[in-house]
Structure formats: structure tokens, C-alpha cells
Amino acid sequence: MPHNTAMHIKVHPDPQRLALQVSDLGKQVALPSGALTILAGVGFSIAHGDTVAIVGASGSGKSTLLSLMAGLDIPSSGSVHLDGEPLSALDEDGRARVRGEKVGFVFQSFQLLPSLTALENVMLPLELRGDSDVETPARAILGKVGLGERLGHYPRQLSGGEQQRVALARAFVTRPAVLFADEPTGNLDTSTGQSIVELLFSLNAETGTTLVLVTHDERLAARCGRRLRLDSGRLVAEERQSS
């Protein structure tokens, strides 16, 4: 009997068993000159614990894709499931609930609240989630990122690298299912950026979080297990890193 007798059946991944399932995602915006397509027909899945870099030239749609995956924006077509939650079917309050329960963020511009100390910034997502003890885990993770002596400092009293360490602590303190990082070293010098990268991947390995990283830095992307490459709003390549 020939060996090649198996039927080729396309198996669709179960979104309940994935960290992210992106299906035929599209985003258009209306301009006076007509509709501008930012993303078109983008689809892929990300398993729990994966590290994935989204790469591409400026204007390729990377940050828009991240916003849609995190439920910060809604698509024009297609759908996103985040840890089993159908983001595209939820209203704004529903998407905010999912983000609070399942998502962490690290941004290029740090996004710390200037009126809060480092400790208060890290405690904030735990408070919003309604945790009974918010100070103990916040102190512990700030110690882990090397800021145990800077708990009472405000963002303006911290260097850029220190502010991004606070942002990393805030992102990981809730032990999110998925952490989104948008150009996390974009505002840092090379050596400071490298130390932040090491810290990011160390914390990620320790917590087992799914990491989705938007970057134009190919060296940073090379640290991830997979690369998704966008060009003019379309997914043009999916590359697995050699281990």
C-alpha cells in the first residue's frame, strides 16, 4: 500500500487552547481621498508560552496589529481571540476587563503615571484588579528588577532605563497570560536597551508568559522563537528561529 494515503484535512486551531488566535484580520480607516487599508487578511495563532516578534518597516501595520490583538482597537473585519476571549465580539468594557485580567504592556515611552511613585505605579494594576495585597508583590518585583531602593521615587527622578524597569515590573506583576511590548528599547541607548532586553526575557522565562514583541530591531527580534513579518499591512513571512 502506498504510504501517502492520508487525507489532507485542514485543522483549525481551537482558540480556547491558544494564547492568541488572529483570523483574517483587516483594518481600514476612512480618509477624504477614500478608504486606507492598514491591515488586510492577517491570520496566525500563538501558543501559550511562545515568544513572537512582529517585524516590518515603519508603516507596515505592526503597532496597529498589536492594538487589535490587545483589544485597544477593533478591526474592520476578522477576529481576535485572546486566551479564549473573543475580543472582537466584546464591547469596550468587556475588552477592558480582559486586558485587566490577562494582559501586560510595555511601551517605548514607558507610560508611567508621573504623579505616582515607582511602587504606586506597579501596585496600580493589582489595585484595579481588586487584589487584597498589592504592596507585597509590587515590592518583590521592583526588587527583582533592581529598584528595591527606588520605591519612593517618582518617574521624573528616574533615568530612562530605570523608568522602563518600573514599566517591566508593572507589566509582569499581574502574571499576565500575554505581554505586549511595543519597541521597548526605542527610547534607550544601546547598553541600557540591552540590559532591558535581558531583563525582559529573564522575567518572561520565569513567569512563562506569552510574549508578543513589536520591533524594527532585528537583533531583538532574533531573541524570539518566531518572527511574523508584515509588509504594507499583509503578513508576508513567518519565520521560526533556529534554536
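Reader: How do the residues lining the second largest pocket divide into nonpolar, polar and charged?
Author: One caveat before the count: this is a predicted model. The lining of the second largest pocket has three nonpolar, seven polar and five charged residues.

Reader: Which residues lie nearest the centre of that second largest pocket?
Author: Thr185, Gln194, Val197, Asp217 and Arg219 lie nearest the centre, out of 15 lining residues.

Reader: Which elements give two or more residues to that lining?
Author: H6 and helix H7, residues 218-221, do. H6 gives the most, with four residues.

Reader: What volume does the second largest pocket have?
Author: About 280 Å³. For the largest pocket the volume is about 420 Å³.

Reader: OK, the largest one then. Which residues are closest to its centre?
Author: Val103, Phe105, Pro125, Leu128 and Arg170, from a lining of 16 residues.

Reader: And which elements each supply at least two residues there?
Author: Helix H2 (92-102), strand E6 (103-107), H3 and H5.

Reader: How does the lining of the largest pocket divide by residue class?
Author: Into nine nonpolar, four polar and three charged residues.

Reader: Switching to helices. At what angle do H3 and H5 pack?
Author: At about 25°, and their axes are 8 Å apart. That angle makes H3 roughly parallel to H5, because angles under 35 degrees count as roughly parallel.

Reader: Which residues of H3 and H5 meet?
Author: From H3, Ala118, Asn121, Val122 and Pro125; from H5, Val166, Ala169 and Arg170. By class, the contact of H3 with H5 has five nonpolar residues, one polar and one charged. Two names from this contact have come up already: Pro125 and Arg170 are also among the residues closest to the centre of the largest pocket.

Reader: What about H3 and H4, at what angle do they pack?
Author: H3 covers residues 118-129 and H4 covers 135-144; the angle is about 125° and the axes are 9 Å apart. So H3 is oblique to H4.

Reader: Is the crossing of H3 and H4 left-handed or right-handed?
Author: H3 passes H4 in a right-handed crossing. H3 also passes H5 in a right-handed crossing.

Reader: Which residues make the contact between H3 and H4?
Author: On H3 they are Ala118, Leu119, Val122, Met123 and Leu126. These meet Glu135, Pro137, Ala138, Arg139, Ile141 and Leu142 of H4. The contact of H3 with H4 divides into nine nonpolar residues, no polar ones and two charged. Ala118 and Val122 of H3 also take part in the contact with H5.

Reader: Last pair. How do H5 and H6 pack, what angle and how far apart?
Author: H5 is 160-172 and H6 is 190-207; they pack at about 15° with axes 10 Å apart. That makes H5 roughly parallel to H6. Their crossing is right-handed.

Reader: What residues does H6 bring to the contact with H5?
Author: Thr192, Ser195, Ile196, Leu199, Leu200, Leu203, Asn204 and Thr207. H5 meets them with Gly161, Gln164, Arg165, Leu168 and Phe172.

Reader: How many of the residues in the H5 and H6 contact are polar?
Author: Six are polar, six are nonpolar and one is charged.

Technical notes: Residues are numbered from 1 along each chain as its sequence is written. This is a predicted model: local features need pLDDT of at least 70, side-chain atom pairs count only at pLDDT 80 or more; totals for chains, interfaces and linings use all residues. Side-chain values use heavy atoms; hydrogens and water are left out. Axes are lines fitted to C-alpha atoms, for helices over the stretch in contact, and angles run from 0 to 180 degrees between N-to-C directions. Angles under 35 degrees count as roughly parallel, over 145 as roughly antiparallel, 65 to 115 as roughly perpendicular and the rest as oblique. A crossing is left-handed if the near helix is turned anticlockwise from the far one by less than a right angle, and right-handed if clockwise. Contact means heavy atoms within 4.5 Å. Ala, Val, Leu, Ile, Met, Phe, Trp, Tyr, Cys and Pro count as nonpolar, Asp, Glu, Lys and Arg as charged, and the others, Gly among them, as polar. On a 1 Å grid over the protein atoms alone, a cavity is a set of points where a 1.4 Å probe fits but cannot get out, and a pocket is an open set with protein on both sides within 12 Å along at least five of seven lines; lining residues have an atom within 4 Å of a point. Grid points are joined across faces, edges and corners, and a volume is the space filled by probe spheres set on the points.
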